[in-house]
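Subject: A structure for you to explore

Hi there,

Here is the structure I promised to pass on to you.

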Amino acid sequence: MDNEMLEVKQPTYYEEVIRKGYNRRDFMKFASMMTAFIGLEKSSIGQVAKAMETKPRIPIIWLHFQECTCCSESFIRSSHPMVADILLDMVSLDYTETLMAASGIQAEQSLKNTMTKYKGEYILCVEGSVPLAADGVYCMIGGKTSMQILDEAAAGAKAVIAWGSCASNGCVQSAKPNPTQATPIHKIIKGKPIIKVPGCPPIGEVMAGVIVHLLTFGTIPELDRIGRPKAFYSKRVHDTCYRRPYFDAGLFVETFDDESARKGYCLYKVGCKGPTTYNACGVMKWNGGTSYPIQSGHGCIGCSEENYWDNGRLYDRASAFAGFGIESDADSIGKIALGATAVAIAGHAVATNFGKKNSIHDLENEGKESEHELPS
Amino acid sequence: MASKLLHIQRLRRVYVWELPVRLYHWLNALVLVALIVTGFYISNPLAIQTQRDASNSYIMGWFRYIHFAAAYLFFFNFLFRIYWGFVGNKFANWNQFIPTSKRFFQEMWTVFKIDILMLKKNGKEQHHLSIGHNAMAGFIYFLTFIAFLVQVFTGFGLYAAMGGWWLPNLFSWVPAMFGGDAFTRVVHHWAMWFFILFAVIHVYLVFYHDYVEGRGEISSMGGGWKFIEEEVFDKNKPQTPNPEKK
């Protein structure tokens, strides 16, 4: 029965839109928005619309491993309702544990069918990291470890999308000491194009933008060195922050309840990680462009950056100095080293006057004698 | 007063540090101070309370501007010094810094025993009188060059995302290698402490050598001259550079 369902010719996105009751105008709005999100010019709107009108949907398998499903949550809450209705509804046709109707054996069957039927065509979306410790028993679905499932699903995938920080860089569960050895996807899957879409969660529109790009062009978007789409991850939150003028002016919030905080000054000194975080939050914002962390008065925690959990404290610029305890940062260690150096130098200086007594004496006498030889 | 116990040295004036080396040294000192001061400010800016609009001030902007400008000066100055290590005089040569022989390490050990531990031989004080750098100093300068490289790579790596020029962009792989800007920034900050500790020890040792050896160690970076005892000079004659005292 499952097989029969999959035999049906895949509708295009446009057909699906119309079937869902949207009109042409809504569709064009959606196409325009997506064109802007994926960083294309206005003239490309037609290209995007055409792709959605003519191309059949991309078969997608969406796997969930060590994660909290916030990526899926973010995705279905994209500002434009069509994102959820169209992209996700169609996505879920194939396989995604959280949102699919099927369960148990039927769900496994659906996964298998998609993998065979669309071998080499489907996009594998992975939400969550893969635990490698203890042969992967920390995350098992249907009697298989996530490692096995990922290997099988990735073998026939056209490309892999690593949704969120878990799949892109390991996120919180890979923080030290990482007991389950949570591992991001790119360290496991080799030889497939991997698109990393980090963030905890990534912005829904960004996720939709990546899928629309794949659909429109049939290729993966341009990636940066780390493997993130350049359209969304080439600028730091800091570079697009509306509080940036306060940073440049040197006006900072010192504590969260001071006058500077009320004035909306820069949150740099209370630990904002915007200057080291590459994401589109400052531009796209969240919840339909309503706000983003800095706008609500809280610094960026750098959730889309690798190792952000271990890379320092959330409310402090300074970062812990490895091996010297949580409370010691580079500057306190540096000051101790400086103090020790000063003590050592003082000790050496004193010792010099004993250890090199004769040499110093000779020099002094030599100098004095020369002085005495001269007439006054 | 008659000279009864003194052996008055005849001194030979040796042109040790050429003008380009001295210019490099002082420019380097200046930009390093600028980099450290502005770097500290950038990492932990002062709390400024003002009624002025942000549009009227650019404090953080200026500190960062000075940091970046000084960084470029530092970088090109460093490149120049590497070049001078091949064309400059024997005391500026790269082989004064990079250990390539067993003798180099032996001399380092000698310096350690004589100048740090101040060991005596048969109850008598010992000297290690070199003309340019002694091997220990040379090696420490080699370490500073490595620290320079660390700062250049991490610094330009962090800067690459902001700069449009190809030069800093050459280093954009660095943060990717470190797994992001956050850790790159941490490395950049840690490495700065090496410069502070180096500067403190360096200045002390210059005074130490001047005090104990009395041959113009401090002023040598001004005029380029050192005043070398004729005995030492003659002894070194056949085997400069990289002399070793036995």
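Below is what I found, going from the overall picture to single residues.

Please keep in mind that this is a predicted model. In chain A the mean pLDDT is 85, with 90% of the residues reaching 70 or more.

**How the chains are laid out**

Chain A is divided into three parts: domain 1 (2-232), domain 2 (237-296) and domain 3 (330-373). If you find the C-alpha centres of domain 1 and domain 3 of chain A, they are 68 Å apart.

Chain B contains nine helices and four strands. The C-alpha atoms of chain B fill a box of roughly 75 × 40 × 35 Å along the principal axes. Of the 246 residues in chain B, 28% are buried. Looking at contacts in chain B between residues at least 6 apart in sequence, 70% of them join residues at least 24 apart.

**Where the chains meet**

**The nonpolar cores**

The largest nonpolar core has 99 residues, and those with the most contacts inside it are A:Leu124, A:Val126, A:Val160 and A:Ala162. Helix H10 (residues 204-217) of chain A gives the most to this core, eight residues. Domain 1 (2-232) and domain 2 (237-296) of chain A each provide at least three residues of this core. Another core, of seven residues, lies apart from it and includes B:Val16, B:Trp17, B:Ala92 and B:Val232.

Leaving out residues up to four places away in sequence, A:Leu124 touches A:Ile61, A:Leu63, A:Ala153, A:Ala154, A:Ala157 and A:Val160.

**A covered strand**

Now turn to strand S3 (residues 123-127) of chain A, where five of the five residues are buried. Strand S1 (residues 60-64) of chain A runs parallel to S3(A), joined to it by five bridges. In that pairing, A:Ile60 stands opposite A:Ile123. S3(A) is also joined by five bridges to strand S7 (residues 159-163) of chain A, again in parallel. There, A:Glu127 has A:Trp163 as its bridge partner.

**Some single residues to look up**

Start with A:Cys300, in the loop between helix H14 (281-284) and helix H15 (330-355) of chain A. Is A:Cys300 buried or exposed? A:Cys300 is buried, because 27 other C-beta atoms lie within 10 Å, and the cut-off for buried is 20 or more. Among the residues that A:Cys300 touches are A:Val237, A:Cys272 and A:Pro293.

Next, two cis peptide bonds. One joins A:Lys176 and A:Pro177, with omega about 0 degrees, and A:Pro177 is in the loop between helix H9 (164-169) and strand S8 (182-183) of chain A. Another runs from A:Cys200 to A:Pro201, with omega near 0 degrees, and A:Pro201 is in the loop between S9 and H10 of chain A.

A:Gln181, in the loop between H9 and S8 of chain A, has phi near 55 degrees. A:Gln181 counts as partly exposed, with 17 C-beta neighbours inside 10 Å. B:Met118 has a phi of about 55 degrees and is in the loop between helix H3 (102-116) and strand S2 (120-121) of chain B. B:Met118 is partly exposed too, with 16 other C-beta atoms within 10 Å.

Enjoy exploring!

Best wishes

Note on methods
Residues are numbered from 1 along each chain as its sequence is written. Chains are lettered from A and ligands numbered from 1 in the order in which they are written. This is a predicted model: local features need pLDDT of at least 70, side-chain atom pairs count only at pLDDT 80 or more; totals for chains, interfaces and linings use all residues. A nonpolar core is a set of buried Ala, Val, Leu, Ile, Met, Phe, Trp, Tyr and Cys residues joined through C-beta atoms within 7 Å. A residue is buried if 20 or more other C-beta atoms lie within 10 Å of its own, exposed if 12 or fewer, and partly exposed in between; C-beta atoms are placed from the backbone. Helices (H or I, at least four residues) and strands (E, at least two) are DSSP runs, numbered from the N terminus. Domain bounds come from an automatic or database domain assignment. Two residues are in contact if their C-beta atoms, placed from the backbone, lie within 7 Å. Two strands pair if DSSP finds at least two bridges between them. pLDDT is the predictor's confidence in each residue, from 0 to 100.
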